[in-house]
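Hello,

Here is the structure we spoke about. My notes on it follow below.

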Amino acid sequence: MASIVKSAVVGVGKFLCTTIYSKITIFFKFQPNTDSLRAKMKELSDSKQNIEGYLESTGKQGKVAILPVKDWIPKVNNIEGQWNSMEEDIKASQKHFCGCFPNCYLRYKLSKSSMEKIQEVKELMDTRANFPEELAVPNPQPESVQEMPGPSIVVQKAASELLDRLKELVLNDEIRKIGIWGMGGVGKTTLVSNLNNLMADGSLAHPFDIIILVTVSSILDLHGIQLQIAERLKFKEELEKESKVRWATLLLGGLKKQKKFLLILDDVWEKIDLDKVGIPQGDMLGCKIILTTRSLDVCHQMETDKNIPVITLNDEASWELFSKHVGELSDVEELKSLAREVAKECNGLPLAIKVVGCSMRGKERVEQWRKALRGLRASQPRNIERVEEDVFVPLKWSYDSLQGKNIQPCFLYCSLFPEDFSINEDELIRCWRAEGLIDESLNIEESLESGVDLIEKLKHSCMLEPGQGKGTVKMHDIVRDVAIWIASSSEDGNKFFVQSNMSWSKITKEGMHESINRASFVNGRLSEIPTFLATCSSLSTLFLQDNPLNKIPRDIFLGLKALRVLNLSGTKIKSLPKDVGELRALRILNLSGTKIKSLPKEVGELNNLRLLNLSYTYELERIEAHAISRLSSLEVLDLYRSDYGWKVKGEVDEESVTLEELLHLEYLYYLRIRVSSTGYFPLDSTWLKRLKCFHFHMAHSKESTLWFKRDHERAVELSGDVEHWAECAEGMLNIATCLCIHDCSVNRTGEVAKSVPNLKELFLFHIEGLDNIWEGMVKSGGRSSFPKLQEIRVIGCHGLKSLIPMICLNNLTTLKKSMYPIVPI
């Protein structure tokens with residue numbers, strides 16, 4: 001035991017002595033070690049300076065350092081920096097502690113560090129010794145054009161024509177910036193790739209020294225753009241070695257070395273500050289920029305000189321592209337008609353055509369094609385293989401990029417309307433406002449202005465497109481499918497249930513959820529409203545229009561306290577239940593085109609109602625008293641072409657509405673009604689001037705109703721006993737901008753319209769005995785009663801002898817050139 005302890009003590013002692021001796025040795029070699037390192041560092045620095053001088057000289061000849069040299073110089077710079085710090089410490093170590101003793105620990109530390117650095121310097125010098133004789137090689141010049149992967153569109157007629165237009169603009173010296181815009185998946189990237197490849201293979205002669213194609217993507221990354229450009233210019237490595245704040249300056253210099261360049265910025269989602277990137281502008285004659293984007297607004301912000309819209313394909317072009325991707329199956333007779341229908345459902349969107357075509361490739365059974373067609377028609381193409389990943393997700397990026405208050409929910413709201421449906425812009429904006437998506441504190445005009453701005457933003461972002469008629473918009477079928485896809489799973493108050501254009505007669509409870517906010521069953525075959533709909537307490541919009549509904553279940557409205565928009569137009573309902581008065585949040589009630597016979601007094605309890613549409617209600621016979629006057633928030637009352645005739649007090653029983661009730665509507669803005677009263681007209685010009693738009697048809701009987709179809713600011717129609725109407729409604733005529741006289745017997749219309757100073761349009765239809773329309777319309781002194789008249793239209797007045805006397809023409813300075821012949825007499 002003693003021997004073991006002795007041995008251990010001896011071993012520890014030897015270890016301690018060795019360690020102490022080693023450290024003492026390093027301490028006493030402080031001066032030799034630091035002197036040796038100083039000498040070797042000088043040798044290394046001299047070698048580096050020689051190489052840098054050589055590289056500077058060869059750089060003037062267009063050469064660049066070989067890769068080993070590029071790696072070696074930064075390592076030398078690094079160790080030089082460390083040596084400079086050590087030099088400061090070496091000087092500090094020369095000072096004696098308390099004036100007598102050197103700083104032993106610092107000397108030991110520096111001595112040890114010097115030994116380590118000497119080894120590093122030796123390795124660097126060994127690396128230098130192994131360099132080849134030629135330390136620099138010619139700088140590789142970037143290729144003028146790099147071919148891009150992608151399908152050729154040269155054989156596709158529509159795409160080829162678009163490519164030809166783009167080629168003309170690129171070769172036009174006066175055009176500097178070109179914008180290519182269109183919805184996602186429509187073929188913008190394919191278009192610019194084909195332009196690039198035509199230049200690459202020599203098919204298109206061009207003046208550019210280099211063509212650079214950069215992918216931008218939805219998340220703007222200026223440094224990423226700079227790196228892509230630098231990589232094409234062959235100095236990406238040099239750029240990465242510099243501070244990012246200098247990248248723009250370096251890129252600017254690199255691009256200016258190219259006499260002429262074409263820069264293609266693909267998939268731009270927002271304005272790019274070209275100066276921050278380092279792209280020269282203005283002074284680079286012959287240099288051009290092309291950008292592709294989903295938003296026309298981006299083109300405007302980037303100040304493009306010309307913009308090319310890329311639209312969807314027509315049916316034949318769609319079939320051609322679909323056939324290419326689906327393969328020989330498109331020629332199989334029993335599948336061909338189904339395949340054409342499937343291709344048509346892609347609505348001309350190349351991305352959807354390609355994905356659906358590829359997913360159907362190899363599917364030889366009719367049942368598989370029928371299932372695909374059914375899914376597309378039911379707005380459920382995501383059930384087709386790869387559609388969700390390859391079509392829906394890319395298009396959702398457009399939705400995610402929509403910027404502005406409530407613009408996303410406004411876009412989603414459009415999907416409530418049926419496929420291929422042209423949505424009236426005014427109706428859409430009113431629904432947005434009713435839902436609070438447009439500030440409800442704005443008046444109608446301000447709301448329309450805000451709504452139009454939102455619509456234009458959505459159109460410029462390719463999320464909406466022009467509809468079939470003026471003032472209408474629609475959604476591309478695939479874009480609508482994406483909107484439904486987004487809204488059906490939303491948890492932020494935009495959860496939808498959409499089953500428009502469905503061929504079913506009932507909706508099942510499994511298809512509904514209590515949490516839905518908006519539901520649409522437009523243009524289906526619903527014969528009844530299921531009572532479980534009343535459990536959807538969060539429902540704010542319910543579209544039931546154009547269904548064969550003939551009644552509304554009792555008490556169904558009791559559970560819909562949040563309902564703001566209810567559209568029952570085009571249904572067969574004949575009455576409203578009394579519990580309609582429970583819909584206190586309701587802003588819009590549309591009963592247009594229904595078979596409703598009476599409007600109950602409970603409607604008057606809807607104190608938040610802003611729009612009541614009873615147009616085309618040919619069977620409406622009764623509106624109960626106070627059903628209208630209590631609608632304290634009403635702005636729009638529309639009974640266009642309704643057979644209901646309004647009368648004054650004393651002409652109807654006390655339980656029926658009268659014209660006087662309208663005087664209680666403080667916020668009324670828009671009014672269209674038929675007046676059948678024989679008494680004094682109670683709506684004087686002072687009250688009428690509060691209305692922005694009105695259309696009064698003065699006729700005793702519904703049989704004489706013509707209802708001129710065009711909308712006017714302030715229109716009056718007179719038929720039957722027009723002299724009586726003119727006398728009763730003189731104040732109305734005084735502010736009218738449109739006057740239509742029809743289906744009556746009058747000798748001279750001038751006797752009817754003695755003073756209409758604001759009249760812009762005069763229409764005369766089917767007037768018997770009319771021989772002169774001008775006599776009585778000119779005041780004494782020869783001044784016309786029509787100082788603002790722009791248009792006269794005369795139809796079916798066969799007894800007319802003269803239209804406008806020559807002497808009066810000079811007074812009609814505002815009359816526009818008409819498509820109808822006007823013969824001076």
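**Helix H7 and the sheet**

Helix H7, residues 222-232, lies across S6 and S7 and runs at about 150° to S6. Please keep in mind that this is a predicted model.

At the start of H7, the backbone nitrogen of His223 has a side-chain oxygen of Asp221 within 3.3 Å. Six residues of the helix are named here as buried: Gly224, Ile225, Gln226, Ile229, Ala230 and Arg232. What do the buried residues of H7 pack against? Their partners are the strands S6 and S7, together with helix H8 (236-241), helix H9 (247-256) and helix H10 (274-277). Just after H7, Lys234 has a positive phi of about 65°.

Now the sheet. It is open and has five strands, in the order S6-S7-S8-S5-S9, with parallel pairing. Strand S6 (210-215) and strand S9 (306-309) each have a single partner strand, so each stands at an edge with one side left without a neighbour in the sheet. From one strand to the next, the twist averages 15°.

Within the sheet, strand S5 (residues 177-181) runs parallel to strand S8 (residues 288-293), and five bridges join them. In this pair, Trp181 of S5 stands opposite Thr293 in S8. Another helix, H5 (residues 157-170), packs on the sheet and touches S5, strand S7 (261-268), S8 and S9. The direction of H5 makes about 170° with that of S9.

Regards

Conventions:
Residues are numbered from 1 along each chain as its sequence is written. This is a predicted model: local features need pLDDT of at least 70, side-chain atom pairs count only at pLDDT 80 or more; totals for chains, interfaces and linings use all residues. Side-chain values use heavy atoms; hydrogens and water are left out. Two strands pair if DSSP finds at least two bridges between them. Helices (H or I, at least four residues) and strands (E, at least two) are DSSP runs, numbered from the N terminus. Axes are lines fitted to C-alpha atoms, for helices over the stretch in contact, and angles run from 0 to 180 degrees between N-to-C directions. Contact means heavy atoms within 4.5 Å. Buried means under 20% relative accessible area, exposed over 50%, partly exposed in between (1.4 Å probe, protein chains only). A polar contact is a pair of N or O atoms within 3.5 Å; within protein, one must be able to donate a hydrogen and the other to accept it, and residues adjacent in sequence count only if both atoms are side-chain atoms.
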